[in-house]
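These notebook entries record what I looked up in one structure. I took strand pairing as one topic and helix packing as another.

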Amino acid sequence: MRFVISFIFSLGVAFAAPSTIDPGYNCRPGQKCWPTLQEWQQLNHTVDGHLYQTIPWGAPCYANSTYYNAAVCSVVENDYNNSIPRGGYYGQTYWPNWEACGTSGCSLLSSNPEETLYSTCSLGRLATYFVDARNTSHISSALQFAKVHNIRISVKNTGHDFFGRSTVPNSLAIWTHNLKSLDFHQSFTAHNCPSANAQNVGEMGAGVIAGDAYRFFNSHGVDITGGYEESVGIAGGFGQGGGVGDYTTTYGLMVDNAVEFEVITAEGRVKTINECNDPELFWAMRGGGGGTYAILTKYRVQVYPSVPVHTYNFLATFKDTTNATQQQGLREVLTAHANSQIIWSSQLVTGQVDYSTKGVSFGLVLPYADDGSKLKRATASFFQSMSNLTYVNVLENNYTSFSTYTDYLAFSAIDARATEPAGIFSLLASRLLPRHLFNAPETVDSLVSAVIEGMEKARRLLPLQRTGAQVVLETPLSTPDNNQKTSALPAWREAMWHVIHVGEWYEPLAPTALQKATDGFLEMLEPLKKLSPGGGAYFNEAHYGEPDWEQTFFGANYDRLLEIKNQYDPTHIFDCYKCVGWRGEKE
(Lines give C-alpha, C1' and ligand atoms only; values in the text may rest on other atoms or scores of the structure.)
Protein backbone atom coordinates (compact mmCIF):
# COMPACT_ATOMS: atom_id res chain seq x y z
CA MET A 1 0.00 0.00 0.00
CA ARG A 2 1.33 3.44 -0.90
CA PHE A 3 -0.16 6.76 0.15
CA VAL A 4 0.01 8.73 -3.05
CA ILE A 5 -1.75 11.12 -5.35
CA SER A 6 -1.40 10.30 -9.03
CA PHE A 7 -2.14 12.52 -11.99
CA ILE A 8 -4.18 11.18 -14.84
CA PHE A 9 -4.00 13.62 -17.72
CA SER A 10 -1.78 12.63 -20.61
CA LEU A 11 0.61 14.69 -22.68
CA GLY A 12 4.22 14.11 -23.78
CA VAL A 13 7.75 15.09 -22.76
CA ALA A 14 10.58 15.94 -25.11
CA PHE A 15 14.24 15.05 -24.65
CA ALA A 16 16.45 17.94 -23.62
CA ALA A 17 19.38 18.87 -25.83
CA PRO A 18 22.81 17.77 -24.52
CA SER A 19 24.56 20.41 -22.45
CA THR A 20 27.84 20.81 -20.60
CA ILE A 21 26.72 23.72 -18.42
CA ASP A 22 25.60 23.03 -14.85
CA PRO A 23 22.33 24.96 -14.37
CA GLY A 24 22.27 24.21 -10.65
CA TYR A 25 19.13 22.04 -10.71
CA ASN A 26 17.74 24.25 -7.97
CA CYS A 27 14.17 25.08 -9.01
CA ARG A 28 11.83 24.79 -6.03
CA PRO A 29 8.07 24.67 -5.46
CA GLY A 30 6.54 28.14 -5.56
CA GLN A 31 9.08 29.54 -8.00
CA LYS A 32 8.12 30.48 -11.56
CA CYS A 33 10.38 27.76 -12.93
CA TRP A 34 8.46 25.02 -11.07
CA PRO A 35 6.39 22.89 -13.48
CA THR A 36 2.68 23.57 -13.79
CA LEU A 37 0.09 20.94 -12.94
CA GLN A 38 -0.34 20.30 -16.65
CA GLU A 39 3.41 19.66 -17.04
CA TRP A 40 3.39 17.20 -14.13
CA GLN A 41 0.43 15.48 -15.77
CA GLN A 42 2.47 15.37 -18.93
CA LEU A 43 5.26 13.52 -17.14
CA ASN A 44 2.78 11.17 -15.47
CA HIS A 45 1.45 10.09 -18.87
CA THR A 46 4.98 9.55 -20.16
CA VAL A 47 5.84 7.25 -17.23
CA ASP A 48 2.62 5.23 -17.63
CA GLY A 49 0.90 6.68 -14.58
CA HIS A 50 3.81 6.05 -12.18
CA LEU A 51 4.35 9.65 -11.03
CA TYR A 52 3.27 10.27 -7.44
CA GLN A 53 3.17 13.13 -5.01
CA THR A 54 5.16 12.15 -1.94
CA ILE A 55 3.19 11.57 1.23
CA PRO A 56 5.23 10.67 4.35
CA TRP A 57 4.68 7.15 5.59
CA GLY A 58 3.57 8.40 9.00
CA ALA A 59 1.00 10.89 7.61
CA PRO A 60 -2.07 8.66 8.12
CA CYS A 61 -1.28 8.66 11.86
CA TYR A 62 -1.23 12.45 12.30
CA ALA A 63 -4.74 13.58 13.29
CA ASN A 64 -4.18 17.06 11.84
CA SER A 65 -2.87 15.72 8.52
CA THR A 66 -4.90 15.84 5.31
CA TYR A 67 -4.01 12.17 4.91
CA TYR A 68 -5.14 11.00 8.36
CA ASN A 69 -6.74 7.56 8.16
CA ALA A 70 -7.06 5.41 11.28
CA ALA A 71 -7.29 2.12 9.38
CA VAL A 72 -4.23 2.84 7.25
CA CYS A 73 -2.41 4.12 10.34
CA SER A 74 -2.81 0.77 12.06
CA VAL A 75 -0.97 -0.88 9.13
CA VAL A 76 1.83 1.67 9.38
CA GLU A 77 2.14 1.17 13.14
CA ASN A 78 2.29 -2.59 12.70
CA ASP A 79 5.09 -2.42 10.10
CA TYR A 80 6.97 0.54 11.53
CA ASN A 81 9.89 -1.35 13.09
CA ASN A 82 10.09 -4.06 10.44
CA SER A 83 12.78 -3.09 7.96
CA ILE A 84 11.50 -5.17 5.05
CA PRO A 85 7.92 -3.85 4.71
CA ARG A 86 9.24 -0.41 5.70
CA GLY A 87 11.47 -0.35 2.63
CA GLY A 88 8.44 -0.96 0.43
CA TYR A 89 7.13 2.58 1.01
CA TYR A 90 8.70 5.56 -0.70
CA GLY A 91 7.83 8.14 1.99
CA GLN A 92 10.26 6.95 4.67
CA THR A 93 13.91 6.30 5.41
CA TYR A 94 15.44 3.55 7.53
CA TRP A 95 16.61 6.18 10.05
CA PRO A 96 14.18 9.09 10.59
CA ASN A 97 17.10 11.56 10.81
CA TRP A 98 16.91 11.68 7.05
CA GLU A 99 13.14 12.02 6.80
CA ALA A 100 13.20 15.12 9.01
CA CYS A 101 14.45 18.59 8.13
CA GLY A 102 15.53 20.34 11.29
CA THR A 103 12.62 20.16 13.71
CA SER A 104 9.98 19.20 11.14
CA GLY A 105 9.04 15.75 9.92
CA CYS A 106 6.33 13.10 10.04
CA SER A 107 7.80 10.13 11.91
CA LEU A 108 6.38 7.94 14.65
CA LEU A 109 8.01 6.88 17.91
CA SER A 110 9.78 3.59 17.16
CA SER A 111 9.42 2.24 20.71
CA ASN A 112 5.67 2.98 20.58
CA PRO A 113 4.44 3.72 17.03
CA GLU A 114 1.08 4.85 18.37
CA GLU A 115 2.82 8.13 19.30
CA THR A 116 3.81 10.79 16.75
CA LEU A 117 7.15 12.63 17.03
CA TYR A 118 6.14 16.04 15.68
CA SER A 119 3.23 18.40 16.30
CA THR A 120 2.30 18.42 12.61
CA CYS A 121 3.24 16.28 9.62
CA SER A 122 5.56 17.76 6.99
CA LEU A 123 7.57 16.42 4.06
CA GLY A 124 10.85 17.15 5.82
CA ARG A 125 13.70 16.07 3.52
CA LEU A 126 11.57 13.84 1.30
CA ALA A 127 11.23 14.60 -2.41
CA THR A 128 8.19 16.53 -3.62
CA TYR A 129 7.33 13.96 -6.30
CA PHE A 130 8.68 10.55 -7.20
CA VAL A 131 8.60 8.27 -10.22
CA ASP A 132 8.03 4.64 -9.28
CA ALA A 133 10.28 3.35 -12.05
CA ARG A 134 9.20 0.05 -13.61
CA ASN A 135 11.49 0.16 -16.65
CA THR A 136 14.39 2.11 -18.12
CA SER A 137 12.16 4.47 -20.11
CA HIS A 138 10.58 5.77 -16.89
CA ILE A 139 14.03 6.74 -15.60
CA SER A 140 15.06 8.36 -18.88
CA SER A 141 11.83 10.39 -18.95
CA ALA A 142 12.31 11.59 -15.38
CA LEU A 143 15.86 12.70 -16.14
CA GLN A 144 14.82 14.64 -19.22
CA PHE A 145 11.96 16.29 -17.35
CA ALA A 146 14.31 17.37 -14.55
CA LYS A 147 16.71 18.87 -17.08
CA VAL A 148 14.01 20.83 -18.86
CA HIS A 149 12.70 22.26 -15.58
CA ASN A 150 16.02 22.58 -13.70
CA ILE A 151 14.86 20.30 -10.86
CA ARG A 152 17.13 18.32 -8.54
CA ILE A 153 17.09 14.53 -9.00
CA SER A 154 17.35 12.06 -6.13
CA VAL A 155 17.63 8.28 -6.41
CA LYS A 156 16.26 5.87 -3.80
CA ASN A 157 15.59 2.20 -3.25
CA THR A 158 14.98 1.30 0.42
CA GLY A 159 16.28 4.44 2.18
CA HIS A 160 18.94 2.43 4.03
CA ASP A 161 21.56 5.21 3.88
CA PHE A 162 23.48 6.60 6.87
CA PHE A 163 24.07 9.90 5.01
CA GLY A 164 20.49 10.43 3.86
CA ARG A 165 21.75 10.66 0.27
CA SER A 166 18.55 9.10 -1.09
CA THR A 167 16.34 11.89 0.26
CA VAL A 168 16.64 15.42 -1.15
CA PRO A 169 13.99 18.08 -0.46
CA ASN A 170 12.34 19.85 -3.42
CA SER A 171 13.53 17.13 -5.78
CA LEU A 172 12.04 14.71 -8.27
CA ALA A 173 12.95 11.26 -6.96
CA ILE A 174 13.53 8.16 -9.02
CA TRP A 175 12.41 5.21 -6.91
CA THR A 176 14.09 2.02 -8.14
CA HIS A 177 12.54 -0.29 -5.53
CA ASN A 178 10.27 -2.14 -7.97
CA LEU A 179 13.00 -3.04 -10.45
CA LYS A 180 13.15 -6.52 -8.92
CA SER A 181 14.25 -8.87 -11.69
CA LEU A 182 16.52 -11.77 -10.71
CA ASP A 183 18.34 -14.19 -13.00
CA PHE A 184 21.14 -16.71 -12.85
CA HIS A 185 23.49 -17.44 -15.76
CA GLN A 186 25.43 -20.68 -15.38
CA SER A 187 27.30 -19.64 -18.50
CA PHE A 188 27.37 -15.87 -19.01
CA THR A 189 28.20 -14.03 -22.23
CA ALA A 190 29.10 -10.41 -21.58
CA HIS A 191 28.00 -7.60 -23.88
CA ASN A 192 30.66 -7.20 -26.62
CA CYS A 193 33.35 -8.28 -24.16
CA PRO A 194 34.68 -11.87 -24.43
CA SER A 195 37.16 -11.23 -21.60
CA ALA A 196 34.23 -10.74 -19.20
CA ASN A 197 32.48 -14.00 -20.12
CA ALA A 198 32.17 -16.15 -17.02
CA GLN A 199 30.55 -19.11 -15.30
CA ASN A 200 28.03 -18.54 -12.49
CA VAL A 201 26.91 -14.94 -12.87
CA GLY A 202 23.95 -13.51 -10.99
CA GLU A 203 21.81 -10.67 -12.30
CA MET A 204 19.73 -8.31 -10.14
CA GLY A 205 17.47 -5.39 -10.83
CA ALA A 206 18.28 -2.20 -8.96
CA GLY A 207 15.42 -2.71 -6.49
CA VAL A 208 16.33 -6.19 -5.26
CA ILE A 209 16.90 -6.43 -1.51
CA ALA A 210 19.57 -8.66 0.00
CA GLY A 211 17.31 -11.31 1.53
CA ASP A 212 15.51 -11.94 -1.74
CA ALA A 213 18.83 -12.19 -3.59
CA TYR A 214 20.28 -14.65 -1.06
CA ARG A 215 17.26 -16.94 -1.26
CA PHE A 216 17.01 -16.80 -5.07
CA PHE A 217 20.67 -17.57 -5.74
CA ASN A 218 20.83 -20.18 -3.00
CA SER A 219 17.98 -22.00 -4.77
CA HIS A 220 20.40 -22.32 -7.72
CA GLY A 221 23.16 -23.68 -5.51
CA VAL A 222 25.19 -20.46 -5.42
CA ASP A 223 25.71 -17.54 -3.04
CA ILE A 224 26.25 -13.82 -3.63
CA THR A 225 28.70 -11.52 -1.87
CA GLY A 226 26.01 -9.43 -0.18
CA GLY A 227 25.73 -7.74 3.19
CA TYR A 228 24.59 -8.30 6.75
CA GLU A 229 21.11 -6.75 6.91
CA GLU A 230 18.71 -8.48 4.53
CA SER A 231 16.49 -5.43 3.88
CA VAL A 232 19.37 -3.51 2.21
CA GLY A 233 19.10 -2.93 -1.54
CA ILE A 234 22.41 -4.46 -2.55
CA ALA A 235 22.62 -3.29 -6.18
CA GLY A 236 22.46 0.43 -5.33
CA GLY A 237 24.69 2.41 -3.01
CA PHE A 238 25.78 -0.79 -1.28
CA GLY A 239 26.93 -2.55 -4.44
CA GLN A 240 28.47 0.57 -6.00
CA GLY A 241 30.15 1.95 -2.88
CA GLY A 242 32.05 -1.19 -1.89
CA GLY A 243 29.70 -3.79 -0.42
CA VAL A 244 30.85 -5.79 2.61
CA GLY A 245 29.40 -8.96 4.09
CA ASP A 246 30.04 -12.51 5.22
CA TYR A 247 31.86 -13.46 2.01
CA THR A 248 34.15 -10.42 1.83
CA THR A 249 37.18 -12.05 3.45
CA THR A 250 36.90 -14.99 1.05
CA TYR A 251 35.83 -13.39 -2.24
CA GLY A 252 36.35 -9.65 -1.78
CA LEU A 253 34.00 -6.69 -1.79
CA MET A 254 30.88 -6.87 -3.90
CA VAL A 255 32.49 -4.44 -6.38
CA ASP A 256 35.40 -6.87 -6.76
CA ASN A 257 32.89 -9.35 -8.14
CA ALA A 258 30.99 -7.01 -10.46
CA VAL A 259 30.97 -8.28 -14.07
CA GLU A 260 28.64 -5.90 -15.91
CA PHE A 261 26.07 -3.15 -15.31
CA GLU A 262 23.04 -1.85 -17.18
CA VAL A 263 22.79 1.89 -16.55
CA ILE A 264 20.93 5.02 -17.58
CA THR A 265 23.38 7.82 -18.31
CA ALA A 266 22.86 11.49 -17.53
CA GLU A 267 21.68 11.92 -21.13
CA GLY A 268 18.94 9.35 -20.52
CA ARG A 269 20.60 6.65 -22.65
CA VAL A 270 20.50 2.94 -21.75
CA LYS A 271 23.98 1.41 -21.78
CA THR A 272 25.51 -1.91 -20.87
CA ILE A 273 28.94 -1.27 -19.43
CA ASN A 274 31.80 -3.59 -18.50
CA GLU A 275 35.58 -3.72 -18.74
CA CYS A 276 35.36 -3.39 -22.55
CA ASN A 277 32.45 -0.97 -23.02
CA ASP A 278 32.77 2.39 -21.25
CA PRO A 279 35.48 0.89 -19.00
CA GLU A 280 36.10 4.18 -17.18
CA LEU A 281 32.44 4.48 -16.20
CA PHE A 282 32.41 0.82 -15.17
CA TRP A 283 35.51 1.36 -13.03
CA ALA A 284 33.98 4.42 -11.35
CA MET A 285 30.78 2.57 -10.49
CA ARG A 286 32.78 -0.30 -8.97
CA GLY A 287 33.45 1.47 -5.69
CA GLY A 288 33.06 5.18 -6.41
CA GLY A 289 29.54 5.37 -4.96
CA GLY A 290 25.96 5.19 -6.18
CA GLY A 291 23.81 8.00 -7.55
CA THR A 292 26.84 9.81 -8.94
CA TYR A 293 27.80 8.83 -12.49
CA ALA A 294 24.70 7.11 -13.90
CA ILE A 295 21.63 5.30 -12.57
CA LEU A 296 22.17 1.57 -12.31
CA THR A 297 19.23 -0.61 -13.37
CA LYS A 298 20.85 -4.07 -13.47
CA TYR A 299 23.85 -5.48 -11.63
CA ARG A 300 25.60 -8.60 -12.95
CA VAL A 301 27.96 -10.18 -10.46
CA GLN A 302 30.09 -13.26 -9.94
CA VAL A 303 28.44 -15.77 -7.60
CA TYR A 304 29.96 -18.84 -5.96
CA PRO A 305 28.98 -22.45 -5.20
CA SER A 306 27.12 -22.66 -1.90
CA VAL A 307 28.99 -23.92 1.15
CA PRO A 308 27.97 -24.43 4.79
CA VAL A 309 28.18 -21.44 7.12
CA HIS A 310 29.80 -21.85 10.54
CA THR A 311 29.51 -19.39 13.42
CA TYR A 312 31.18 -18.72 16.75
CA ASN A 313 29.03 -16.89 19.27
CA PHE A 314 30.31 -15.30 22.46
CA LEU A 315 28.01 -13.21 24.65
CA ALA A 316 29.04 -11.67 27.98
CA THR A 317 28.38 -8.82 30.37
CA PHE A 318 30.98 -6.79 32.23
CA LYS A 319 30.98 -6.73 36.03
CA ASP A 320 32.04 -3.07 36.20
CA THR A 321 29.97 -0.82 33.92
CA THR A 322 30.73 2.62 35.34
CA ASN A 323 33.41 4.07 33.05
CA ALA A 324 34.63 2.43 29.85
CA THR A 325 38.22 3.66 30.28
CA GLN A 326 38.44 1.93 33.67
CA GLN A 327 36.63 -1.32 32.77
CA GLN A 328 39.06 -4.21 33.07
CA GLY A 329 36.66 -6.67 31.45
CA LEU A 330 36.14 -4.54 28.34
CA ARG A 331 39.89 -4.03 27.94
CA GLU A 332 40.63 -7.74 28.41
CA VAL A 333 38.14 -8.89 25.79
CA LEU A 334 39.04 -6.18 23.27
CA THR A 335 42.76 -6.91 23.68
CA ALA A 336 42.25 -10.65 23.25
CA HIS A 337 40.19 -9.91 20.14
CA ALA A 338 42.91 -7.67 18.65
CA ASN A 339 45.62 -10.23 19.45
CA SER A 340 43.61 -12.92 17.65
CA GLN A 341 42.84 -10.88 14.56
CA ILE A 342 45.89 -11.77 12.45
CA ILE A 343 45.17 -15.48 12.88
CA TRP A 344 41.47 -15.03 12.19
CA SER A 345 42.08 -12.97 9.07
CA SER A 346 44.61 -15.50 7.75
CA GLN A 347 41.91 -18.16 8.09
CA LEU A 348 39.31 -15.91 6.40
CA VAL A 349 37.16 -15.66 9.53
CA THR A 350 34.69 -12.80 9.22
CA GLY A 351 31.71 -11.39 11.13
CA GLN A 352 31.22 -8.55 13.59
CA VAL A 353 31.58 -7.83 17.28
CA ASP A 354 29.36 -5.43 19.20
CA TYR A 355 30.93 -3.75 22.24
CA SER A 356 29.11 -1.60 24.77
CA THR A 357 30.02 -0.44 28.26
CA LYS A 358 27.68 -3.16 29.54
CA GLY A 359 28.86 -6.16 27.56
CA VAL A 360 29.99 -7.73 24.30
CA SER A 361 28.52 -9.95 21.58
CA PHE A 362 30.70 -11.83 19.08
CA GLY A 363 29.20 -13.17 15.87
CA LEU A 364 32.13 -14.67 13.96
CA VAL A 365 31.37 -16.35 10.64
CA LEU A 366 33.23 -18.69 8.29
CA PRO A 367 31.61 -19.91 5.07
CA TYR A 368 33.61 -23.09 4.38
CA ALA A 369 33.05 -26.59 3.03
CA ASP A 370 33.70 -28.58 6.21
CA ASP A 371 31.96 -29.50 9.47
CA GLY A 372 33.07 -26.35 11.30
CA SER A 373 36.48 -27.66 12.33
CA LYS A 374 38.43 -24.86 10.63
CA LEU A 375 36.59 -22.15 12.56
CA LYS A 376 37.05 -24.05 15.84
CA ARG A 377 40.79 -24.39 15.25
CA ALA A 378 41.14 -20.71 14.35
CA THR A 379 39.29 -19.55 17.49
CA ALA A 380 40.38 -22.28 19.95
CA SER A 381 42.79 -20.09 21.91
CA PHE A 382 40.30 -17.22 22.16
CA PHE A 383 37.53 -19.66 23.11
CA GLN A 384 39.60 -20.95 26.03
CA SER A 385 40.69 -17.52 27.23
CA MET A 386 37.09 -16.27 27.33
CA SER A 387 36.18 -19.01 29.80
CA ASN A 388 38.62 -17.75 32.45
CA LEU A 389 38.12 -13.99 32.72
CA THR A 390 37.75 -12.39 36.15
CA TYR A 391 35.75 -9.31 35.19
CA VAL A 392 33.36 -10.92 32.71
CA ASN A 393 30.09 -12.84 33.10
CA VAL A 394 29.96 -15.33 30.21
CA LEU A 395 26.44 -16.03 28.92
CA GLU A 396 27.26 -17.87 25.67
CA ASN A 397 30.47 -19.38 24.29
CA ASN A 398 29.58 -21.83 21.53
CA TYR A 399 29.60 -22.83 17.87
CA THR A 400 26.75 -23.36 15.42
CA SER A 401 26.80 -24.63 11.83
CA PHE A 402 24.23 -24.08 9.07
CA SER A 403 23.98 -26.19 5.93
CA THR A 404 23.24 -23.16 3.71
CA TYR A 405 23.47 -19.40 3.84
CA THR A 406 19.69 -19.08 3.76
CA ASP A 407 19.50 -21.26 6.88
CA TYR A 408 21.97 -18.91 8.51
CA LEU A 409 19.81 -15.92 7.50
CA ALA A 410 17.01 -17.04 9.80
CA PHE A 411 19.50 -16.85 12.67
CA SER A 412 21.27 -13.63 11.66
CA ALA A 413 18.02 -11.75 11.00
CA ILE A 414 17.20 -11.90 14.71
CA ASP A 415 20.56 -10.35 15.55
CA ALA A 416 20.18 -7.72 12.83
CA ARG A 417 16.85 -6.56 14.26
CA ALA A 418 18.59 -6.03 17.61
CA THR A 419 21.77 -4.34 16.34
CA GLU A 420 20.26 -2.37 13.42
CA PRO A 421 16.62 -1.66 14.34
CA ALA A 422 14.56 0.30 11.83
CA GLY A 423 12.85 3.57 12.65
CA ILE A 424 15.29 5.01 15.19
CA PHE A 425 17.69 7.94 14.91
CA SER A 426 21.33 7.10 14.32
CA LEU A 427 24.79 8.67 14.21
CA LEU A 428 27.99 6.92 13.13
CA ALA A 429 31.71 7.59 13.20
CA SER A 430 34.05 5.02 11.63
CA ARG A 431 37.61 4.24 10.58
CA LEU A 432 39.39 1.42 8.74
CA LEU A 433 42.32 0.13 10.82
CA PRO A 434 45.31 -1.35 8.94
CA ARG A 435 47.13 -4.64 9.45
CA HIS A 436 50.33 -3.19 10.97
CA LEU A 437 48.47 -2.08 14.11
CA PHE A 438 47.99 -5.73 15.08
CA ASN A 439 51.66 -6.74 14.86
CA ALA A 440 53.02 -5.52 18.21
CA PRO A 441 51.75 -5.25 21.80
CA GLU A 442 52.37 -1.50 21.85
CA THR A 443 50.22 -0.76 18.81
CA VAL A 444 47.53 -3.20 19.94
CA ASP A 445 47.37 -1.40 23.28
CA SER A 446 47.09 1.98 21.53
CA LEU A 447 44.33 0.63 19.28
CA VAL A 448 42.36 -0.80 22.20
CA SER A 449 42.71 2.45 24.15
CA ALA A 450 41.54 4.50 21.15
CA VAL A 451 38.40 2.37 20.72
CA ILE A 452 37.57 2.47 24.43
CA GLU A 453 38.16 6.22 24.61
CA GLY A 454 35.64 6.69 21.80
CA MET A 455 33.10 4.44 23.52
CA GLU A 456 33.30 6.42 26.74
CA LYS A 457 32.96 9.71 24.86
CA ALA A 458 29.85 8.45 23.08
CA ARG A 459 28.35 7.34 26.40
CA ARG A 460 28.90 10.81 27.88
CA LEU A 461 27.49 12.57 24.81
CA LEU A 462 24.33 10.43 24.73
CA PRO A 463 23.99 9.27 28.35
CA LEU A 464 20.44 7.95 28.14
CA GLN A 465 20.71 6.46 24.65
CA ARG A 466 22.13 3.36 22.95
CA THR A 467 25.86 3.71 22.28
CA GLY A 468 28.69 1.32 21.53
CA ALA A 469 31.35 0.27 19.08
CA GLN A 470 30.96 -2.30 16.35
CA VAL A 471 34.12 -3.97 15.09
CA VAL A 472 33.50 -5.39 11.62
CA LEU A 473 35.88 -8.09 10.43
CA GLU A 474 34.48 -8.10 6.88
CA THR A 475 37.54 -6.79 5.03
CA PRO A 476 38.88 -7.89 1.60
CA LEU A 477 42.36 -8.99 2.69
CA SER A 478 42.32 -11.92 0.26
CA THR A 479 41.54 -9.60 -2.68
CA PRO A 480 44.31 -6.97 -2.97
CA ASP A 481 43.07 -5.55 -6.31
CA ASN A 482 46.67 -5.05 -7.44
CA ASN A 483 45.56 -4.13 -10.96
CA GLN A 484 43.13 -1.50 -9.65
CA LYS A 485 40.13 -2.97 -11.41
CA THR A 486 37.86 -1.24 -8.90
CA SER A 487 37.62 2.30 -7.56
CA ALA A 488 37.01 1.14 -3.97
CA LEU A 489 38.88 3.09 -1.29
CA PRO A 490 42.47 1.73 -1.31
CA ALA A 491 42.54 1.67 2.52
CA TRP A 492 40.21 -1.35 2.36
CA ARG A 493 43.00 -3.58 1.08
CA GLU A 494 45.11 -3.35 4.24
CA ALA A 495 42.29 -3.06 6.75
CA MET A 496 41.69 -5.71 9.41
CA TRP A 497 39.10 -3.80 11.41
CA HIS A 498 36.28 -1.54 10.31
CA VAL A 499 35.48 0.20 13.62
CA ILE A 500 32.12 1.96 13.87
CA HIS A 501 31.13 4.09 16.86
CA VAL A 502 27.34 4.12 17.06
CA GLY A 503 24.81 6.34 18.80
CA GLU A 504 21.07 5.64 18.56
CA TRP A 505 18.01 7.32 20.04
CA TYR A 506 14.22 7.21 19.73
CA GLU A 507 13.08 10.84 19.74
CA PRO A 508 14.47 13.97 18.00
CA LEU A 509 17.24 15.65 19.97
CA ALA A 510 17.18 19.37 20.60
CA PRO A 511 19.25 21.15 17.91
CA THR A 512 22.01 22.07 20.40
CA ALA A 513 22.21 18.51 21.75
CA LEU A 514 22.30 17.07 18.23
CA GLN A 515 25.08 19.44 17.19
CA LYS A 516 27.06 18.59 20.31
CA ALA A 517 26.72 14.87 19.60
CA THR A 518 27.62 15.34 15.93
CA ASP A 519 30.76 17.31 16.77
CA GLY A 520 31.67 14.91 19.56
CA PHE A 521 31.42 11.85 17.30
CA LEU A 522 33.85 13.50 14.90
CA GLU A 523 36.25 14.27 17.75
CA MET A 524 36.17 10.69 19.02
CA LEU A 525 37.73 9.57 15.71
CA GLU A 526 40.93 11.53 16.29
CA PRO A 527 42.77 8.78 18.23
CA LEU A 528 41.93 6.28 15.47
CA LYS A 529 42.97 8.73 12.75
CA LYS A 530 46.33 9.27 14.45
CA LEU A 531 46.90 5.52 14.32
CA SER A 532 46.01 5.35 10.60
CA PRO A 533 47.40 8.44 8.83
CA GLY A 534 46.47 8.55 5.16
CA GLY A 535 43.79 5.93 5.78
CA GLY A 536 40.07 6.29 5.44
CA ALA A 537 36.54 5.20 6.24
CA TYR A 538 33.88 3.15 4.46
CA PHE A 539 31.79 5.54 2.36
CA ASN A 540 28.52 3.77 3.26
CA GLU A 541 29.08 3.62 7.03
CA ALA A 542 30.86 6.75 8.15
CA HIS A 543 30.32 10.12 9.83
CA TYR A 544 28.28 12.35 7.54
CA GLY A 545 30.15 15.41 8.85
CA GLU A 546 33.61 14.14 7.86
CA PRO A 547 35.48 17.34 6.83
CA ASP A 548 38.21 15.70 4.74
CA TRP A 549 35.68 13.54 2.93
CA GLU A 550 37.38 13.35 -0.48
CA GLN A 551 40.50 11.71 0.99
CA THR A 552 38.69 9.77 3.70
CA PHE A 553 36.07 8.15 1.45
CA PHE A 554 37.89 7.89 -1.90
CA GLY A 555 41.62 8.29 -1.19
CA ALA A 556 43.97 8.51 -4.17
CA ASN A 557 41.11 7.63 -6.53
CA TYR A 558 39.24 10.90 -6.06
CA ASP A 559 40.80 12.95 -8.87
CA ARG A 560 40.30 10.21 -11.46
CA LEU A 561 36.73 9.67 -10.25
CA LEU A 562 36.01 13.38 -10.60
CA GLU A 563 37.31 13.38 -14.18
CA ILE A 564 34.98 10.49 -15.02
CA LYS A 565 32.11 12.23 -13.27
CA ASN A 566 32.66 15.36 -15.35
CA GLN A 567 32.92 13.31 -18.54
CA TYR A 568 29.71 11.32 -18.06
CA ASP A 569 27.67 13.86 -16.13
CA PRO A 570 28.95 17.30 -17.21
CA THR A 571 25.91 19.20 -15.91
CA HIS A 572 25.96 17.33 -12.56
CA ILE A 573 22.34 16.23 -12.67
CA PHE A 574 23.45 13.48 -10.29
CA ASP A 575 24.47 15.22 -7.09
CA CYS A 576 24.44 13.60 -3.67
CA TYR A 577 25.86 14.52 -0.30
CA LYS A 578 29.66 14.13 -0.18
CA CYS A 579 29.63 11.99 -3.31
CA VAL A 580 32.25 12.59 -6.01
CA GLY A 581 31.66 16.04 -7.52
CA TRP A 582 29.28 17.15 -4.74
CA ARG A 583 28.41 20.83 -5.11
CA GLY A 584 28.68 21.29 -1.36
CA GLU A 585 28.90 24.83 -0.09
CA LYS A 586 28.90 26.18 -3.66
CA GLU A 587 25.13 25.63 -3.89
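**Strand pairing and helix packing**

I noted at the outset that the model is predicted.

Entry 1. I began with the pairing of strand β9, which spans residues 258-264. It is joined to β11 by 6 bridges, and the two strands run antiparallel. I looked up one partner in particular: Glu262 has Lys298 of β11 as its bridge partner.

Entry 2. I then turned to strand β7, residues 198-205, which also pairs with β11. Here I found 5 bridges, and these strands too run antiparallel. For Met204, the bridge partner in β11 is Tyr299.

Entry 3. I next asked how many residues of strand β11 are buried.

Entry 4. I moved on to the helices. Two packed helices are described by the angle between their axes and the distance between the axes. For helix α1 (residues 37-46) and helix α4 (residues 136-149), I recorded an angle of about 160 degrees and axes 9 Å apart. Angles over 145 degrees count as roughly antiparallel, and α1 is therefore roughly antiparallel to α4. The crossing of α1 past α4 is right-handed.

Entry 5. Which residues make this contact? From α1 I listed Glu39, Trp40, Leu43 and Thr46, and from α4 His138, Ser141, Ala142, Phe145 and His149.

Methods: Residues numbered from 1 in each chain as written. Predicted model: local features only at pLDDT ≥ 70, side-chain atom pairs only at ≥ 80, totals over all residues. Heavy atoms only, no water. Buried < 20%, exposed > 50% of the residue type's maximum accessible area, 1.4 Å probe, protein only. Helix = DSSP H or I, 4+ residues; strand = E, 2+ residues; numbered from the N terminus. Pairing = 2+ DSSP bridges. Axes fitted to C-alpha atoms, helices over the stretch in contact; angles between N-to-C directions. Parallel < 35°, antiparallel > 145°, perpendicular 65-115°, else oblique. Left-handed = near helix turned anticlockwise from the far one by under 90°. Contact = heavy atoms within 4.5 Å.
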